[in-house]
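Trainee: I have a structure to read and some questions about it. Can we go through it together?

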Amino acid sequence: RVQEELEGDTAPGSTADGHAVALLANIGTAADAGRAAATPAEGVGLFRTEVLFLERSSAPTLEEQTAVYAEVLGAFAGRGGGDKVVVRTLDAGADKPLAFVTQPGEENPALGVRGYRLVRREPELLRTQLAALAQAAKDTGTSPWVMAPMIATAQEAADFAALAHEVGLTEPCKVGVMVEVPSAALRAADLLRHVDFVSLGTNDLAQYTMATDRLRGSLADLLDPWQPAVLDLVAATARAGAELGKPVGVCGESAADPLMALVLAGLGITSLSMSPGALPAVRHLLRRHDLDTCRAAADAALAATSASEAREAVRALVDPAVRDA
Ligand code: PEP
Ligand code: MG
């Protein structure tokens with residue numbers, strides 16, 4: 001019954017006192033987009049386009065990509081419940097190997113040519129992808145947001161934005177980058193001067209902050225997004241966004257943890273993107289706490305000196321009637 005009640009709740013993401021935090025969906029395919037559009041998600045916060053490139057011996061053509069992007073954008077075009085779609089450019093390498101781009105024998109693929117860095121070797125791959133997205137935006141009459149993964153420097157953010165603008169992804173489209181490398185979080189304000197928004201990828205941010213392979217289950221305690229060092233970097237990024245008046249989202253798995261969602265709202269994160277199945281519980285907990293409580297949760301988490309202490313400190317602030325339901 002609680003589940004039914006949660007799923008019947010279609011209101012936009014908000015704290016009890018009306019502070020909006022957009023609740024968005026992570027998707028990987030056009031079919032996912034159709035399914036997500038049928039939920040109360042306020043749009044897509046992360047479209048992982050690499051799914052389109054998997055299990056192929058060469059990159060999809062401009063026309064093939066345009067068709068898929070148009071389908072995804074079309075699923076949300078003019079949608080009353082929210083029409084934002086954030087498309088991430090190809091994030092190949094490391095845990096997402098691609099037959100035609102991954103270099104065999106790379107010793108440390110997670111630290112190698114992955115994500116945006118591929119532009120050094122295969123610039124046409126990124127240019128074609130952005131051109132396909134620009135064409136799909138035109139065909140559907142929509143204004144997608146686009147972002148690059150694995151950005152480490154402000155120069156990379158500037159170069160990505162220049163290329164996106166060059167192919168026609170200009171206002172009202174938005175160009176941003178992911179913050180999932182500690183250098184990007186530490187200098188988030190520098191990055192944000194070149195782009196319209198950033199989105200925190202807490203899966204990789206935890207991996208690179210804690211020097212812990214995200215695929216290594218036996219080290220999950222180190223990979224925990226509640227680790228104080230990871231929370232510090234999330235907080236620093238949120239602060240930079242607030243200073244520059246630009247959106248800072250979270251699209252890593254941590255956004256799907258309802259307790260963490262309170263912390264993130266308290267830190268000033270403007271949107272949370274997750275697999276659609278996680279949305280009802282996050283929406284529910286957020287709506288039952290006001291912004292001051294979220295800020296207290298953020299302060300309590302940042303004051304903790306371990307992941308478990310942070311989690312417990314926030315848990316203690318949550319309305320017990322809600323927590324134990
Ligand atoms: C992340 O790193 O948190 C993220 C959202 O991207 P991915 O999981 O696809 O690397
Ligand atoms: Mg990532």
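Mentor: The buried residues of helix 8 pack against strand 5, helix 6, strand 6 (197-200), helix 9, helix 10 and strand 7 (248-250). Helices (H or I, at least four residues) and strands (E, at least two) are DSSP runs, numbered from the N terminus. This is a predicted model, in which local features need pLDDT of at least 70 and side-chain atom pairs count only at pLDDT 80 or more, while totals for chains, interfaces and linings use all residues. Residues are numbered from 1 along each chain as its sequence is written, and chains are lettered from A and ligands numbered from 1 in the order in which they are written.

Trainee: How many of the residues of helix 8 are buried?

Mentor: Start with the term: a residue is buried if 20 or more other C-beta atoms lie within 10 Å of its own, exposed if 12 or fewer, and partly exposed in between, with C-beta atoms placed from the backbone. In helix 8, Thr202, Asp204, Leu205, Ala206, Gln207, Tyr208 and Thr209 are buried. Helix 8 is therefore largely enclosed by the rest of the structure, and the buried count is 7 of the 8 residues.

Trainee: Which residue just after helix 8 takes a positive phi?

Mentor: Most residues other than glycine have a negative phi. The value here is about 50 degrees, and the residue is Ala211.

Trainee: Which residues does Gln227 contact, leaving aside its neighbours within four places in sequence?

Mentor: Gln227 is in the loop between helix 9 (220-223) and helix 10 (228-244). Gln227 counts as buried because 20 other C-beta atoms lie within 10 Å. Two residues are in contact if their C-beta atoms, placed from the backbone, lie within 7 Å. On that test, the partners of Gln227 are Ala206, Met210 and Ala307.

Trainee: How are helix 11 and helix 12 set to each other?

Mentor: Axes are lines fitted to C-alpha atoms, for helices over the stretch in contact, and angles run from 0 to 180 degrees between N-to-C directions. The axes of helix 11 (residues 258-267) and helix 12 (residues 279-287) come within 9 Å and cross at roughly 50 degrees. Angles under 35 degrees count as roughly parallel, over 145 as roughly antiparallel, 65 to 115 as roughly perpendicular and the rest as oblique. So helix 11 and helix 12 are oblique.

Trainee: What classes of residue make the contact of helix 11 with helix 12?

Mentor: Pro258, Ala261, Leu262 and Ala265 in helix 11 meet Ala281, Val282, Leu285 and Leu286 in helix 12. Ala, Val, Leu, Ile, Met, Phe, Trp, Tyr, Cys and Pro count as nonpolar, Asp, Glu, Lys and Arg as charged, and the others, Gly among them, as polar. The tally is no polar, no charged and 8 nonpolar.

Trainee: How are helix 2 and helix 3 set to each other?

Mentor: The axes of helix 2 (residues 30-37) and helix 3 are 9 Å apart, at an angle of about 0 degrees. Therefore helix 2 and helix 3 are roughly parallel.

Trainee: What classes of residue does the contact of helix 2 with helix 3 have?

Mentor: Ala30, Ala33, Gly34 and Ala37 in helix 2 meet Val68, Glu71, Val72, Ala75 and Phe76 in helix 3. By class, this contact has 1 charged, 1 polar and 7 nonpolar residues.

Trainee: What do the buried residues of helix 4 pack against?

Mentor: The buried residues include Gln129, Leu130 and Ala132. Their packing partners are helix 3 (62-76), strand 3 (84-88), strand 4 (145-148) and helix 5 (154-166).

Trainee: Is Met150 buried or exposed?

Mentor: Met150 is in the loop between strand 4 and helix 5. Its phi is positive, near 60 degrees. With 24 C-beta neighbours inside 10 Å, Met150 is buried.

Trainee: Where is the cis peptide bond at Pro172?

Mentor: Most peptide bonds are trans. Pro172 is in the loop between helix 5 and strand 5 (174-179). Omega is near 5 degrees for the cis bond, which runs from Glu171 to Pro172.
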